[in-house]
Amino acid sequence: MRQQAKAANQHVSLFSDAQDSEQPGNDTQLVATMRKAGITISVIGLGTDKDVDANLLKDIAKRGEGNIYFTDRPTEIPRIFAQDTFAVARNTFIKEEDLPSFHGALMGAPNRDQRDCVRFILFTGLRSEEARALSWDEVDFERKLLNIPEERNKGKRPIVIPMSDLVLDLLVERRGLGREGRWVFPASFRYRADSPGYVTDVRGAIEHAQKTGGVFPYDGARGKYVEGGVVKVHDLRRTFVTVASQCDMSPFALQALSNHAPSAGSVFANHITGDYVQITEDRLREPAQRVADRFKALIPALADPQGANVAQLT
């Protein structure tokens, strides 16, 4: 057991057969020892929650303060492993059932530039600086792509992300505002001479949405809300990853869409950085749209784009 591990989150994803998991052994003591060492445990059961040993797996996940998953489709297992990894590694996010309240309240935020930028981060999973400093020359409307140069990417590599219909509609609407200048989300006011010209802080819009919507961040690692906690900008990115992990896509597509650099020694690093899997923008278009469709299913208001408010490109 890795009791001396220095990682911020120590977690085990246990895979077992929900129809044949009952074996002699002291799982109670083992789970207690792991929890004492700060290790959480999720369980992925092959089968259904009605199978003979399903309750044992649920109990292990509960005592391990992790998540429980069941699937009777073996091909789903890699995706679920990725889903659980992202859920526990990235801590706080907005829970799916809270998204309608959060988004509805966000639409009432007084600063439109901040509001639209928050929605853009939520729908793309981009990091705050990558989104806030987006320029129009990085938006390819014709090919429906976002092109983030390597100097603006934390991973120091250029990234190309397909635009879903949610992202495209938002950017078309922004373009239709008819503003002059380079930035997609320009600062409403420039208080300092050294201001970069784009929005430098979107916390006002997030605070408005949180307070008006009555939403608290959810801690995926501990499986509970952070009462009195503040929704942070990076929680929007974690929310995107959490929603995306619920969609039908490969772990490699999920990693590419969320622009995560593979951890050294991980299955992602061993395959992606080894050039065994090539993820192009064309291969990401369908997964990106699946994420948008999932957002629309979770937030019914998004299914009605209110076309009268969306400007058309000429």
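Q: Before anything else, what counts as buried, exposed or partly exposed here?
A: Buried means under 20% relative accessible area, exposed means over 50%, and partly exposed lies in between, with a 1.4 Å probe and protein chains only. Lys-144, with a relative accessible area of 39%, is therefore partly exposed.

Q: Where is Lys-144?
A: Lys-144 is in the loop between strand 5 and strand 6. Helices (H or I, at least four residues) and strands (E, at least two) are DSSP runs, numbered from the N terminus.

Q: What is the phi of Lys-144?
A: It is positive, about 60°, although Lys-144 is not a glycine. Most residues other than glycine have a negative phi.

Q: OK, what kind of model is this?
A: This is a predicted model, in which local features need pLDDT of at least 70 and side-chain atom pairs count only at pLDDT 80 or more, while totals for chains, interfaces and linings use all residues. Residues are numbered from 1 along each chain as its sequence is written, and side-chain values use heavy atoms, with hydrogens and water left out.

Q: What is the mean pLDDT of the protein chain?
A: The mean is 83, and 82% of the residues reach 70 or more. pLDDT is the predictor's confidence in each residue, from 0 to 100.

Q: Where is the pLDDT below 50?
A: Residues 261-276 are one such stretch, with 21 contacts in the model beyond near neighbours in sequence. Over residues 307-314 the pLDDT also stays under 50, and the model has 12 contacts for them beyond four places in sequence. Contact means heavy atoms within 4.5 Å.

Q: Changing topic: how many helices and strands are there?
A: The protein chain has 12 helices and nine strands. It has 314 residues, and buried ones make up 47% of them.

Q: At what angle do helix 4 and helix 5 pack?
A: Helix 4 (residues 99-106) and helix 5 (residues 112-124) pack at about 150°, with their axes 10 Å apart. Axes are lines fitted to C-alpha atoms, for helices over the stretch in contact, and angles run from 0 to 180 degrees between N-to-C directions. The two helices are therefore roughly antiparallel. By the cut-offs, angles under 35 degrees are roughly parallel, over 145 roughly antiparallel, 65 to 115 roughly perpendicular and the rest oblique.

Q: Which residues make that contact?
A: Helix 4 brings Leu-99, Phe-102, His-103 and Leu-106, and helix 5 brings Arg-115, Val-118, Arg-119, Leu-122 and Phe-123. By class there are six nonpolar, one polar and two charged residues. Nonpolar covers Ala, Val, Leu, Ile, Met, Phe, Trp, Tyr, Cys and Pro; charged covers Asp, Glu, Lys and Arg; the others, Gly among them, are polar.

Q: And how does helix 5 pack with helix 9?
A: Their angle is about 35° and their axes are 7 Å apart, helix 9 being residues 233-244. Val-118, Ile-121, Leu-122, Phe-123 and Thr-124 of helix 5 meet Val-233, Leu-236, Arg-237, Thr-239 and Phe-240 of helix 9.

Q: Next, how many salt bridges are there?
A: A search of the whole structure finds 20. A salt bridge is a side-chain nitrogen of Lys or Arg within 4 Å of a carboxyl oxygen of Asp or Glu.

Q: What does Asp-59 pair with?
A: Asp-59 pairs with Arg-63, and their closest N and O atoms are 2.7 Å apart. Both lie in helix 2 (residues 54-63), four residues apart, about one turn of the helix. Asp-59 is partly exposed at 33%, and Arg-63 is partly exposed at 24%.

Q: Are Arg-115 and Asp-116 buried or exposed?
A: Arg-115 is buried at 13% relative accessibility, and Asp-116 is buried at 2%. Their side chains meet in a salt bridge of 3.4 Å, N to O. Salt bridges that share partners join Arg-112, Asp-113, Arg-115, Asp-116, Glu-173, Arg-174 and Arg-179 into one network.

Q: Last topic: where is Ser-164, and what does it touch?
A: Ser-164 is in the loop between strand 7 (159-162) and helix 7 (165-175). Ser-164 is buried, at 5%. Not counting residues up to four places away in sequence, Ser-164 touches Ala-288, Gln-289 and Ala-292.

Q: Why is helix 7 called largely enclosed?
A: Eight of its 11 residues are buried, so helix 7 is largely enclosed by the rest of the structure. What covers those buried residues includes helix 5, strand 5 (139-140), strand 6 (145-148) and helix 12 (281-298).
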